[in-house]
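The sequence and structure are shown first.

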Amino acid sequence: MLAVIVVRGGALPLGAHESVSECEGRAALVGSGTAAAAFDLAHVARELTLMEVGEFRPAAWAAMLATVLADEPMLVMPASPDGRDLAPLLAAELHRPLYAQALSISSDRVDLVRGRGTELHSIEPASTFVATLQPGVRGVDLIEATTMVRTSVPGLVERDDPTIEQVLPPDAATIDLSEAKRIVAGGAGLDDQRRFQQLSALGDVLAASVGATRVITDRGWVGHERQIGTTGVTVDPSLYIAFGISGAVQHTSGLGQPQHIVSVNTDPFCPMMQLADLAVVGDANAVLDALLEQLEAPMSETAHV
Ligand SMILES: Cc1cc2nc3c(=O)[nH]c(=O)nc-3n(C[C@H](O)[C@H](O)[C@H](O)COP(=O)(O)OP(=O)(O)OC[C@H]3O[C@@H](n4cnc5c(N)ncnc54)[C@H](O)[C@@H]3O)c2cc1C
C-alpha cells in the first residue's frame, strides 16, 4: 500500500502520519514544499517519494498521479479536506473502487464507518483500490530511518480545476471540528442552551471551536457535527477546555491527545477532572459568566485583577 499525501506550503494535512503508518511507512508527498514536509515524517515514513507539483489542482493531479502510480495497487489518503477531494478523482482516473472513511485498511479487509458513525462495515476489498483513512483513530507506528526519493513527474495537463483567488486562514467557529487546534466544549453541567452561545463567544476570543457531549446533541442544543466521541467526531486539539463534562469513555476516546486539558466541574473526582492539567472545581455556568466578563472587559479594568 502507498499513502498519497497532499502537501500545501510544506504543511502536512490532518491524518497524514496515520495514513503513512497504515501503509507501513511508504508514502508519496505531492504538492508544494514536499521536502520540508518530509522532515515532519521522520521516524514515521520508511520510504518517501517527493513530487513537487505546486498548488493544489485536484483534477490535473489525479490525471498525473494515475499515470505515475498506475502500478501501485492500493492507494491510501487521509480523509482530510484535500484527501477527500483528490481520492474520488484519482479512483475515477484509475477505474478503481473508492473506499471512503475507512477505520483500517489492508489488502484483505477494509473497515468502513457508515450511518453517521453508528455502523461499521467490514468488506473484502478489490485487488486494486483507492481509500481514505479517517484521521485520529489509528495512532502512529515509529520506525528507525527514512529513505527519500525525489521523482520527476510528467507535466500537468489542463483539467477543469477551479481557479484559486485567495486562500483564507480557517475560521475557528466554522472549521471542521476534527481539524481544530483549540476546542471549548460543554456537557450536561451547563444549565441552558444559551450557554453554547457563550461558549461560541469564548471560542471567538480564544480562536477555538465549540464541541459538545452526546447528552447535549441528543437534546438538540447543538448539531451532531459538534459531538465529540465514539459516535461523533474524533478530534485532536492541542487545547481542550471542558465545561461540565464528566469524561465518559465514549467521549474521551474521541479526544485524541491534547497537550493541555482544562476542566471545570463541581465533581473533583470525575474522569475529566482526573485527565485535566488544570482542574477548576466549581459551577461551570458561573465560571463561564465570569470568564466572559473578564475577557470582554477593557484591559484597564482587568489589569489590577
Ligand atoms: C454506544 C454509546 C455511544 C456514545 N457515544 C458518545 C459520544 O460519541 N460522545 C459523547 O460525548 N458521549 C457518548 N455517549 C454517552 C456517554 O456515555 C456519556 O453519557 C456522555 O458523554 C456524558 O455527557 P456529559 O459529560 O455531558 O454528561 P454527564 O455524564 O451527565 O456529566 C455531567 C457532568 O457535569 C457535572 N456538573 C453538573 N452540574 C455542574 C455544574 N453546575 N458545573 C460544573 N459541572 C457540573 C457533573 O459533575 C458531571 O461530571 C455514548 C454512549 C453510548 C452508550
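Asp176 sits in the loop that connects β9 to β10 (182-186). The model is predicted. With a relative accessibility of 33%, Asp176 counts as partly exposed, because that class runs between under 20% for buried and over 50% for exposed. Along the chain, Asp176 and Val235 are 59 residues apart, and their C-alpha atoms are separated by 9.5 Å.

Two other residues can be described in the same way. Asp283 is placed in the loop between β14 (278-281) and α9. Its relative accessibility is 39%, so Asp283 counts as partly exposed. From Asp283 to Ser80 there are 203 residues along the chain, and 37 Å between the C-alpha atoms. Ala290 belongs to helix α9. At 40% relative accessibility, Ala290 also counts as partly exposed. Ala290 and Gln259 are 31 residues apart in sequence, with 25 Å from C-alpha to C-alpha.

| Pair | Separation along the chain | C-alpha separation |
|---|---|---|
| Asp176 and Val235 | 59 residues | 9.5 Å |
| Asp283 and Ser80 | 203 residues | 37 Å |
| Ala290 and Gln259 | 31 residues | 25 Å |

**The ligand site**

Which residues are closest to the ligand? In the shell of 25 residues that surrounds the ligand, the closest are Ala188, Thr213, Thr231, Ser246 and Asn265. Three helices, α6 (214-219), α7 (249-252) and α9 (284-296), each supply at least two residues of this shell. Sorted by class, the shell around the ligand holds six nonpolar, 16 polar and three charged residues.

A polar backbone atom of Arg214 lies 3.0 Å from an oxygen atom of the ligand. For Ile228, a polar backbone atom is 2.8 Å from a nitrogen atom of the ligand. His251 takes part through its side chain, where an N or O atom is 3.0 Å from an oxygen atom of the ligand. On its own the ligand has 980 Å² of accessible area, and the protein covers 69% of this.

**The largest pocket**

Rolling a probe the size of a water molecule over the atoms shows where empty space is left. The volume of the largest pocket is about 1200 Å³. The largest pocket is lined by 42 residues, and the closest to its centre are Pro13, Leu14, Ser178, Glu179 and Lys181. Two or more lining residues of the largest pocket come from each of β1 (2-7), α1 (16-22) and α4 (81-94). With three residues, α1 gives the most to this lining. By class, the lining of the largest pocket comprises 20 nonpolar, 13 polar and nine charged residues.

**The second largest pocket**

The second largest pocket holds about 720 Å³ of space. There are 32 residues in its lining, and Gln101, Gln134, Gly232, Val233 and Thr234 lie nearest its centre. Elements that give two or more residues to the lining of the second largest pocket are α4, β5 (98-105) and β7 (119-123). This lining has 11 nonpolar, 14 polar and seven charged residues.

One of the residues nearest that centre is Gln134. Gln134 is found in the loop between β8 (129-133) and β9 (147-150). Is Gln134 buried or exposed? Gln134 counts as buried because its relative accessibility is 17%, and the cut-off for buried is under 20%. Its side chain makes a polar contact of 3.2 Å with the side chain of Gln101.

**Two residues with positive phi**

Most residues other than glycine have a negative phi. In His43, phi is near 70 degrees, a positive value in a residue other than glycine. His43 is placed in the loop between α2 (34-40) and β3 (47-52). It counts as partly exposed, because its relative accessibility is 45%.

His95 has a positive phi too, near 55 degrees, and is a residue other than glycine. The loop between α4 and β5 contains His95. At 73% relative accessibility, His95 counts as exposed, because the cut-off for exposed is over 50%.

Notes. Residues are numbered from 1 along each chain as its sequence is written. This is a predicted model: local features need pLDDT of at least 70, side-chain atom pairs count only at pLDDT 80 or more; totals for chains, interfaces and linings use all residues. Side-chain values use heavy atoms; hydrogens and water are left out. On a 1 Å grid over the protein atoms alone, a cavity is a set of points where a 1.4 Å probe fits but cannot get out, and a pocket is an open set with protein on both sides within 12 Å along at least five of seven lines; lining residues have an atom within 4 Å of a point. Grid points are joined across faces, edges and corners, and a volume is the space filled by probe spheres set on the points. Helices (H or I, at least four residues) and strands (E, at least two) are DSSP runs, numbered from the N terminus. Ala, Val, Leu, Ile, Met, Phe, Trp, Tyr, Cys and Pro count as nonpolar, Asp, Glu, Lys and Arg as charged, and the others, Gly among them, as polar. A residue is near a molecule or strand if one of its heavy atoms lies within 4 Å of it. A polar contact is a pair of N or O atoms within 3.5 Å; within protein, one must be able to donate a hydrogen and the other to accept it, and residues adjacent in sequence count only if both atoms are side-chain atoms. Accessible areas come from the Shrake-Rupley method with a 1.4 Å probe; for residues, only the protein chains shown count as cover. Buried means under 20% relative accessible area, exposed over 50%, partly exposed in between (1.4 Å probe, protein chains only).
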